[in-house]
Amino acid sequence: MSEPMVPMRDLPPGERLFRLEPRFLWAAKTMSDLPPMGAPEVCFAGRSNVGKSSLVNALVGRKGLARASSEPGRTRELIFFAIAGKDEVERIRIVDLPGYGHAVASKTEIARWNEATRDFLRGRATLKRAFVLVDSRHGLKPNDLEVMRMLDTSALSYQIILTKVDKLKKGELDVVLGATKEALKKRPAAHPEVLPISSHENLGIGQLREEIATFSVD
Ligand code: GTP
Ligand code: MG
């Protein structure tokens, strides 16, 4: 059974945006090999294994666009995806960042990714919003707070996404949502809304598409 046809123009902006062709644009290991600036960018930051790459795939509706894995430390570069129209004009870029708080990779490699990621989060004119992903089972950890402090200092607007909410028992989501919102109250660059998401069960994905679409260019 195919879905009923809804004309593109009648869809909400986020649904329209994410029906366009997503493509891999660039992988950067250091600040010096970032792609030239272009369309507005949003990025996904968070601890290793929290579900950043899976969320990129859920948004674009493609299982294999970003490489997700149960092995922490999968994404080792800043991976840029672009969504462009038929005219090839980029509407938005989505940047999948390496995770933090993962001790298995070699020290020098960690220094390199952390530095590149930190520099990117601090000084990129086209970066409009960082989404900081937090595992809903664990809540905010000290290294999340450290990243949030850095984002507050650089005045980059950020929003917390609680991931893997399919793993929570009834009632647990309200508790973690309440605690997370409380922790955001005094953070100047934090968006007060927290988005609960499950990439596996497609929960909250539509809302995040609409949020991202507010940064896109027509
Ligand atoms: P790094 O690149 O290592 O930093 O990890 P990441 O944050 O990109 O995580 P990734 O998307 O690779 O997912 C890590 C693991 O979490 C994989 O085993 C995914 O299948 C699982 N996962 C991701 N999203 C969800 C979700 O919504 N629900 C559940 N239950 N598992 C998820
Ligand atoms: Mg990843």
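Ala45 has Val132 of β5 as its bridge partner. This is a predicted model, and that pairing is a handy place to start exploring it. Strand β2 (residues 41–46) and strand β5 (residues 127–135) run parallel, joined by 6 bridges.

| Strands | Sense | Bridges |
|---|---|---|
| β2 and β5 | parallel | 6 bridges |

Now step back to the whole sheet. It is open and built from 7 strands, in the order β1-β3-β4-β2-β5-β6-β7, with mixed pairing. Strands β1 (21–28) and β7 (195–196) each have a single partner strand, so one side of each has no neighbour in the sheet. In general, the strands of a sheet pair through backbone hydrogen bonds, in either a parallel or an antiparallel way.

Helix α2 (residues 52–60) lies across β1, β2, β3 (78–84), β4, β5 and β6 (158–163), and runs at about 140 degrees to β2. Helix α4 (residues 142–154) packs on the sheet as well, touching β5 and β6, and its direction makes about 160 degrees with that of β6.

How many of the residues of β6 are buried? The count is 6 of 6, so to speak a mostly covered strand. Tyr158, Ile160 and Leu162 point one way from β6, while Gln159, Ile161 and Thr163 point the other way.

Let us turn to Asp96, a residue of strand β4 (residues 90–96). Asp96 is buried but has no salt bridge. Lys52 is the nearest side chain of opposite charge, at 5.9 Å, and a salt bridge would need the charged atoms within 4 Å. The side chain of Asp96 does make a polar contact of 2.6 Å with that of Ser53. Beyond residues up to four places away in sequence, Asp96 touches several others, including Phe44, Val56, Thr75 and Phe81.

Our last stop is Tyr100, in the loop between β4 and α3 (107–122). Is Tyr100 buried or exposed? Tyr100 counts as buried because its relative accessible area is 11%, and the cut-off is under 20%. Its side chain forms a polar contact of 2.8 Å with the side chain of Asp144. Further contacts of Tyr100 include Gly46, Arg47, Val132 and Val147.

Note on methods
Residues are numbered from 1 along each chain as its sequence is written. Chains are lettered from A and ligands numbered from 1 in the order in which they are written. This is a predicted model: local features need pLDDT of at least 70, side-chain atom pairs count only at pLDDT 80 or more; totals for chains, interfaces and linings use all residues. Side-chain values use heavy atoms; hydrogens and water are left out. Helices (H or I, at least four residues) and strands (E, at least two) are DSSP runs, numbered from the N terminus. Buried means under 20% relative accessible area, exposed over 50%, partly exposed in between (1.4 Å probe, protein chains only). Lys and Arg count as positive and Asp and Glu as negative; His and the chain ends are not counted. A polar contact is a pair of N or O atoms within 3.5 Å; within protein, one must be able to donate a hydrogen and the other to accept it, and residues adjacent in sequence count only if both atoms are side-chain atoms. Contact means heavy atoms within 4.5 Å. Two strands pair if DSSP finds at least two bridges between them. Axes are lines fitted to C-alpha atoms, for helices over the stretch in contact, and angles run from 0 to 180 degrees between N-to-C directions.
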